[in-house]
Amino acid sequence: MGGRHAQRGFVLAMTLWILAAMAVVVGLLTLWSLDAVRNAASEREQVEDLLAMQGTRDTLLYLGATRARTRAGLPPEPLSEGERARRLLADFGMFSTEPRGGEVRLDDQPYRGIAGASFSLQDEAGLFQVAVPRPEDLARLLRSQGVPPEVVTRFTDALLDYTDADELRRLEGAEVREYRRDGRAAPPNRRLLVPSELARVLGWEALPETARARLPELVTTFESGAVNLNTMPEALLPAWLPGCPETCRRLVARRRQVPFAYGREVELLLGVTLPGDSAIGYRFLASDVLRMTVWGRSGVAWRIHVRFTPIADQRGPWSILAVH
């Protein structure tokens, strides 16, 4: 009898152990299955995001290459033959750039794209050009971004030494010797290739944190020449307009209703004097170079600098200048 009781107890214990092991295995399989489902859902969301971003990017490239820009931005709808003819007649044979209404703004305004993707477009003529900067303009930019006036020269000299073709050091600048002393590669002595290259300029790491984070968003290395106040980001306007933030707010409110047509109009309506020549130093129609930013719900984002060349002979309708 005792032997049978012992056997029954052993069988019961083994059964319980087997059941416990099976429960553990089932639990592990359940956790693995849930994790696999989550991973699959995440991967599917990323694939859907990429497809939506690609569709949004391709649509923007098509619109940029096929739509005539107005001073208000990029029209999503094509011109009818009648409207095209009226615009040609309205300006003595020159194509009228009067706003049509409903344009996609080119001042980095965010928009909803295809299937949950989002995008913004920035006319690069509305940004500060650092490819070949003028010292006085660069100093004005830095002061507008909160850099103390007494140290502005240190940063302007460093950037100008980084980009000029010689090895002559400015008073507060840096050339090969200073870079090597700091354990850095020598300055390339050529124009900046992308805005993020500002981080390589010796001494610019000492910029105020807000300015250091904001500047790459406000500068361009792909466009130079006249500045577009209709598409300039509000954070950059203080470099060109006195009396900000009030003057800047007034300009932004006005251009959203009726974009400006010429520099003298800005001066008269805002009661300011623009730096430089208001007749030739400013433009009010977007350039052919746009910065496209496209992002999805999963956090993936692209930034594309593109030059549109729709009437270039034997060339594509656009050229991708940089992607990052």
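Tutor: Before we look around: a pocket is an open set of points on a 1 Å grid over the protein atoms alone, with protein on both sides within 12 Å along at least five of seven lines, and its lining residues have an atom within 4 Å of a point.

Student: Got it. Which residues lie nearest the centre of the largest pocket?

Tutor: R67, A68, R69, D288 and P310, out of 16 lining residues. Keep in mind that this is a predicted model, where local features need pLDDT of at least 70, side-chain atom pairs need 80 or more, and totals for chains, interfaces and linings use all residues. Numbering runs from 1 along each chain as its sequence is written, and side-chain values use heavy atoms, leaving out hydrogens and water.

Student: Where does the largest share of that lining come from?

Tutor: From helix 1, residues 2-66, which supplies three residues. Helices (H or I, at least four residues) and strands (E, at least two) are DSSP runs numbered from the N terminus.

Student: And how much space lies in the largest pocket?

Tutor: About 370 Å³, where volume is the space filled by probe spheres set on grid points, joined across faces, edges and corners. The second largest pocket holds about 310 Å³. Its lining has 21 residues, with Q129, D137, G225, V227 and W240 nearest the centre.

Student: Let's zoom out. How many helices and strands does the protein have?

Tutor: Eight helices and nine strands. Of its 324 residues, 40% count as buried, meaning under 20% relative accessible area with a 1.4 Å probe and protein chains only; over 50% is exposed, and in between is partly exposed.

Student: How much of the contact set joins residues at least 24 apart?

Tutor: Among contacts (heavy atoms within 4.5 Å) between residues at least 6 apart in sequence, the share is 56%.

Student: Now helix 4. Is it largely enclosed or open?

Tutor: Largely enclosed by the rest of the structure, because ten of its twelve residues are buried. Among the buried ones are V152, F155, L159, L160 and Y162, along with D157 and D161.

Student: What covers those buried residues of helix 4?

Tutor: The cover includes helix 3 (135-144) and helix 5 (176-181).

Student: Switching to L241, where does that one lie?

Tutor: In the loop between strand 5 (227-228) and helix 7 (246-257). L241 counts as buried because its relative accessibility is 3%.

Student: What is L241 in contact with, leaving aside its neighbours within four places in sequence?

Tutor: T247, C248, L251, L270, V272 and L274. P275 is 34 residues away from L241 in sequence, yet their C-alpha atoms are 8.1 Å apart in space.

Student: Which peptide bond is cis, with omega near 20 degrees?

Tutor: The one from C244 to P245. P245 sits in the loop between strand 5 and helix 7, and L241 is in the loop between those elements too.

Note on methods. 1 Å grid on protein atoms, 1.4 Å probe; cavity = no way out; pocket = protein on both sides within 12 Å on 5 of 7 lines; lining within 4 Å.
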